[in-house]
Amino acid sequence: MTGSSLEKGHEADVVVVGLGTAGSAVSAFLAEGGLRVLALDRRPLDEAGARWVNGVPQWMFRESGVAQPEAPELRGNGQPFHLVCGLGPSRVVLRDTGLLEVDMRHLVARLQERARLAGARLLGEVTVTGREGSALQTSAGIIESAYVIDASGLGGSGLVPPTSPGPDHLCAAAQGVYEVTDLEAAQAYMARHQVEPGDTLCFTGIAGGFSILNVRLHDGRLSVLTGSIPGQGHPSGKSILDSFVAEQAWVGARVFGGARAIPLSRPVDRLVEGNVALLGDAARQVFTVHGSGIGIGMIAARTLANTLLAGDPLDAYGYRWMRSFGALQGTYEVFRRFTAELSVDEIRDLVDTGLMNAQTAGPTLAQRWPSPSLSGWLRSLIGAVRRPRLAARLVAVGSRMAVVRGLYGRYPRDPGELGAWSRKIERALPL
Ligand SMILES: Cc1cc2nc3c(=O)[nH]c(=O)nc-3n(C[C@H](O)[C@H](O)[C@H](O)COP(=O)(O)OP(=O)(O)OC[C@H]3O[C@@H](n4cnc5c(N)ncnc54)[C@H](O)[C@@H]3O)c2cc1C
């Protein structure tokens, strides 16, 4: 449903601002729990949220209570992932990744429909412009509600002070699905890079340590995903993507896709301001190592909904989430900052020596805590003997990660102690 019809003095238990994945998921969970939910998006509903293909680990659907996607929403399921250093040939191949390739246009529509069926009221083309106490100002009039959930994405809706991190912590990403005009040439390209059709070929370090150019041939079409940190002097994901497409004569017209910035820092330290809770990109709830916000945003939506449905104070959402997934995200930020500094030769060294291998890299792709795999760490140990300096840097990163993890375990229940906690986290993260 689009349109901006809103009765005068409309009231709701919860108003959700933004109907991307995070906002749509929380609207569904809350309405299913019996709350009166009014959810708004400034765009038409069928244009809300991400409009491209995202990789989301299967376990995150289970954890958040969202059914696994099926075709046409599902475009890939656990295919091998070739993490190539620069343009090759060194690589780590991750198998049984559990990573689902999801057409976000369908996932957003599915979550919106689930919310609607549970009784939530969804309105498109309504912009939230501010609030005064419990009164929310919108382009369709004032709305009274007990709680507001701000799931308005990285730009925010102005309900709380801006939460976007600095340019050093912003990934400029682009993704597109393209027609393939010459399938044989496309297959030859994949074969040249020793990749089976359907596998993901991911060139990393092509524009700074954090960057990727990720291509996948599927059902006669090509998916391209790029990302980089322009704030560190690199070309944007969109320009990497455009150059790649222009250089490959076999890539045809774009079918769908988009480009946007993704926050790569830890989540905002304060998830709750009065009766407003931040959710999704608006809260910087993104797995920092590769800028993935879909799974984490849906899980945060579940935590937030459970808190409200249990009748617990809104602040409980803050510390519950921070002590679990906030800790995961914050801890991995140390690693993400390290990778951003790496040159492509250093990435190659990590891979060629075995310091980085499938067992140690797998959990990062799956957005899990580092794995205790003995064989993986043994290979790393052998690599450490061959490259002691690089290994020493990795050990320093690991010990800093342990400190940050410990601090998240002590995320304060009392919001009054948050200032002191934030200062400790700032000191623990590398510059
Ligand atoms: C190219 C690209 C590739 C990506 N790849 C991956 C990936 O592989 N895996 C992954 O997990 N993540 C990926 N991400 C990140 C992921 O897309 C985001 O983290 C996710 O979409 C954030 O969802 P959200 O619901 O928090 O916010 P959004 O999707 O940004 O939705 C916010 C909504 O709020 C609305 N809104 C904003 N302001 C207002 C207002 N004032 N009033 C009313 N409505 C408002 C907007 O119109 C929008 O619809 C990628 C991102 C990009 C750009």
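Two residues are in contact if their C-beta atoms, placed from the backbone, lie within 7 Å. With that in hand, here are some close-up views of this predicted model.

**View 1. Helix α1 against helix α3.** In this view T21, S24, A25, S27, A28 and A31 of α1 meet L107, V108, L111, Q112, R114 and A115 of α3. Sorted by class, the contact of α1 with α3 holds seven nonpolar, four polar and one charged residues. Two packed helices are described by the angle between their axes and the distance between the axes. Here α1 spans residues 21-32 and α3 spans residues 104-117, and their axes come within 8 Å and cross at roughly 25°. Angles under 35 degrees count as roughly parallel, and α1 and α3 are therefore roughly parallel to each other. Their crossing is left-handed.

**View 2. Helix α1 against helix α6.** Turn now to another partner of α1: the axes of α1 and α6 come within 8 Å and cross at roughly 30°. That makes α1 roughly parallel to α6. The crossing of α1 and α6 is right-handed, whereas that of α1 and α3 is left-handed. On the α1 side, T21, A22, A25, V26, F29 and L30 take part, and they meet I294, G297, M298, A300, A301, R302, L304, A305, L308 and L309 in α6. The residues in this contact divide into 13 nonpolar, two polar and one charged.

**View 3. R302 and its surroundings.** R302 is found in helix α6. With 17 other C-beta atoms within 10 Å, R302 is partly exposed. Setting aside its neighbours within four places in sequence, R302 is in contact with F29, S64 and G65. For a sense of scale, the C-alpha atoms of R302 and R105 are separated by 21 Å, and these two residues are 197 residues apart along the chain.

View 4. Most residues other than glycine have a negative phi, and most peptide bonds are trans. The peptide bond from A71 to P72 is cis, with omega near 5°. P72 lies in the loop between α2 (58-64) and β4 (74-77). Another cis peptide bond joins G88 and P89, and its omega is about 0°. P89 is placed in the loop between β5 (81-85) and β6 (91-94).

**View 5. Positive phi at E125 and R284.** Neither residue in this view is a glycine, yet E125 has a positive phi of about 55°, and R284 also has a positive phi of about 55°. E125 lies in the loop between β8 (121-123) and β9 (128-132), while R284 is in the loop between β18 (276-278) and α6 (294-309). Which of the terms, buried or partly exposed, applies to E125? E125 is partly exposed, with 16 other C-beta atoms within 10 Å. R284, in turn, is buried, with 26 other C-beta atoms within 10 Å.

**View 6. Helix α9 and the residue just after it.** Helix α9 covers residues 358-365, and six of its eight residues are buried, so α9 is largely enclosed by the rest of the structure. The buried residues of α9 are Q359, T360, A361, G362, T364 and L365. Just after α9, Q367 takes a positive phi of about 60°.

**View 7. V385 in helix α10.** V385 is placed in helix α10, which runs over residues 374-386. V385 counts as exposed, with 9 C-beta neighbours inside 10 Å. V385 and L355 are 30 residues apart along the chain, and their C-alpha atoms are separated by 9.6 Å.

**View 8. Where domain 2 touches domain 3.** The protein is divided into domain 1 (11-75 + 102-164 + 265-322), domain 2 (167-262) and domain 3 (329-428). The centres of domain 2 and domain 3, taken over C-alpha atoms, are separated by 26 Å. How many residues of domain 2 are in contact with domain 3? Seven residues of domain 2 are in contact with seven residues of domain 3. By class, the side of domain 2 that touches domain 3 has two nonpolar, five polar and no charged residues.

Notes:
Residues are numbered from 1 along each chain as its sequence is written. This is a predicted model: local features need pLDDT of at least 70, side-chain atom pairs count only at pLDDT 80 or more; totals for chains, interfaces and linings use all residues. Axes are lines fitted to C-alpha atoms, for helices over the stretch in contact, and angles run from 0 to 180 degrees between N-to-C directions. Helices (H or I, at least four residues) and strands (E, at least two) are DSSP runs, numbered from the N terminus. Angles under 35 degrees count as roughly parallel, over 145 as roughly antiparallel, 65 to 115 as roughly perpendicular and the rest as oblique. A crossing is left-handed if the near helix is turned anticlockwise from the far one by less than a right angle, and right-handed if clockwise. Ala, Val, Leu, Ile, Met, Phe, Trp, Tyr, Cys and Pro count as nonpolar, Asp, Glu, Lys and Arg as charged, and the others, Gly among them, as polar. A residue is buried if 20 or more other C-beta atoms lie within 10 Å of its own, exposed if 12 or fewer, and partly exposed in between; C-beta atoms are placed from the backbone. Domain bounds come from an automatic or database domain assignment.
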